[in-house]
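Subject: The structure I promised you

Hi,

Here is the structure we talked about. Have a look at it in your viewer first, then read on for what I found.

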Amino acid sequence: MNDVTRWSLPDEVATRAWGAALARGMQPGLKIFLAGDLGAGKTSLSRALIQALGHAGPVKSPTYALVEVYVISSLYLYHFDFYRFESPEEFVDAGFGEHFNETSVCLVEWPERAEGCLPPPDLRLYLHHAADGGRELEAVADTERGQACLNATISAGGVAACCVAPAPR
Ligand SMILES: Nc1ncnc2c1ncn2[C@@H]1O[C@H](COP(=O)(O)OP(=O)(O)OP(=O)(O)O)[C@@H](O)[C@H]1O
Ligand SMILES: [Mg+2]
């Protein structure tokens, strides 16, 4: 737990493959934070995950609605985007905390905009723009549940990590 695992994602196809592999690690109660710059690929990865879980319709970015909800085989998946929050307290005011429970999966883009009000994550994903125009992904599991999710993602194949390093303290 708490190691940083890194991947190089040279194009959107690679981002989507990673998101689809993440579907193998889904279990109720998971909280996944997706951080990274504007346009880093957070929604692309989420979309591939939600579609790999079996959702056949469109997967919109939640940037304007703040949250999109998917019910997939009785699993409630909440896809949040807090980019537009002006203060973290908006999370509390909106009553979003109730969705973070043992029966749902919560995916959160821009979690830093609700820092201090969000429940702690099981898995943190960071996407960065790479020099070659692609993206780099870093994953850190903070709980056993997050580590199990990451292990299942890696075992799903097609997402070989480039390296694993201890997280900086
Ligand atoms: N590995 C990749 N290499 C190059 N382009 C990518 C990669 N992954 C995704 N993209 C592209 O990045 C663009 C932005 O993606 P996306 O909307 O998912 O970003 P985002 O992180 O959700 O942005 P925002 O912060 O605005 O929510 C899309 O055009 C997508 O095709
Ligand atoms: Mg997005």
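Asparagine 2 sits in the segment before β1 and counts as partly exposed, because it has 13 C-beta neighbours inside 10 Å. Do keep in mind that this is a predicted model.

Now zoom out to the protein chain. It has four helices and eight strands, and along the sequence they come in the pattern β-α-β-α-β-β-α-β-β-β-α-β. The radius of gyration is 15 Å, close to the 15 Å that the globule rule gives for 169 residues, so the chain is as compact as a globular protein of that length. Along the principal axes, the C-alpha atoms fill a box of roughly 40 × 35 × 30 Å. Buried residues make up 36% of the 169 residues. If you take the contacts with a separation of 6 or more, 71% of them are between residues 24 or more positions apart.

Which strands pair with β5? One of them is β2 (residues 31-36), which runs parallel to β5 and is joined to it over four bridges. Leucine 34 has glutamate 109 as its bridge partner in β5. Strand β4 (residues 75-81) is parallel to β5 too, with six bridges joining the two. There, tyrosine 78 has cysteine 106 of β5 as its bridge partner.

Next, pick out isoleucine 50, which lies in helix α2. Why does isoleucine 50 count as buried? Because 23 other C-beta atoms lie within 10 Å of isoleucine 50, and the cut-off for buried is 20 or more. Leaving aside neighbours within four places in sequence, isoleucine 50 is in contact with His55, Val59, Tyr70, Leu77 and His79. Take leucine 77 from that list: it is 27 residues away from isoleucine 50 along the chain, yet their C-alpha atoms are separated by 8.3 Å.

Helix α1 (residues 12-22) has buried residues as well: Thr15, Trp18, Gly19, Ala20, Ala21 and Leu22. What do they pack against? The buried residues of α1 pack against β1 (3-9), α2 (42-52), β7 (135-141) and α4 (144-155).

Last stop: ligand 1. Which residues come nearest to ligand 1? Of the 19 residues around it, those are Thr15, Gly41, Lys42, Thr43 and Ser44. Helices α1 and α2 each supply at least two residues of the shell around ligand 1. By type, that shell divides into four nonpolar, ten polar and five charged residues.

Happy to go through any of this with you.

Cheers

How values were computed. Residues are numbered from 1 along each chain as its sequence is written. Chains are lettered from A and ligands numbered from 1 in the order in which they are written. This is a predicted model: local features need pLDDT of at least 70, side-chain atom pairs count only at pLDDT 80 or more; totals for chains, interfaces and linings use all residues. A residue is buried if 20 or more other C-beta atoms lie within 10 Å of its own, exposed if 12 or fewer, and partly exposed in between; C-beta atoms are placed from the backbone. Two residues are in contact if their C-beta atoms, placed from the backbone, lie within 7 Å. A residue is near a molecule or strand if its C-beta atom, placed from the backbone, lies within 6 Å of it. Ala, Val, Leu, Ile, Met, Phe, Trp, Tyr, Cys and Pro count as nonpolar, Asp, Glu, Lys and Arg as charged, and the others, Gly among them, as polar. Two strands pair if DSSP finds at least two bridges between them. The radius of gyration is taken over C-alpha atoms; the globule rule is 2.2 Å times the number of residues to the power 0.38.
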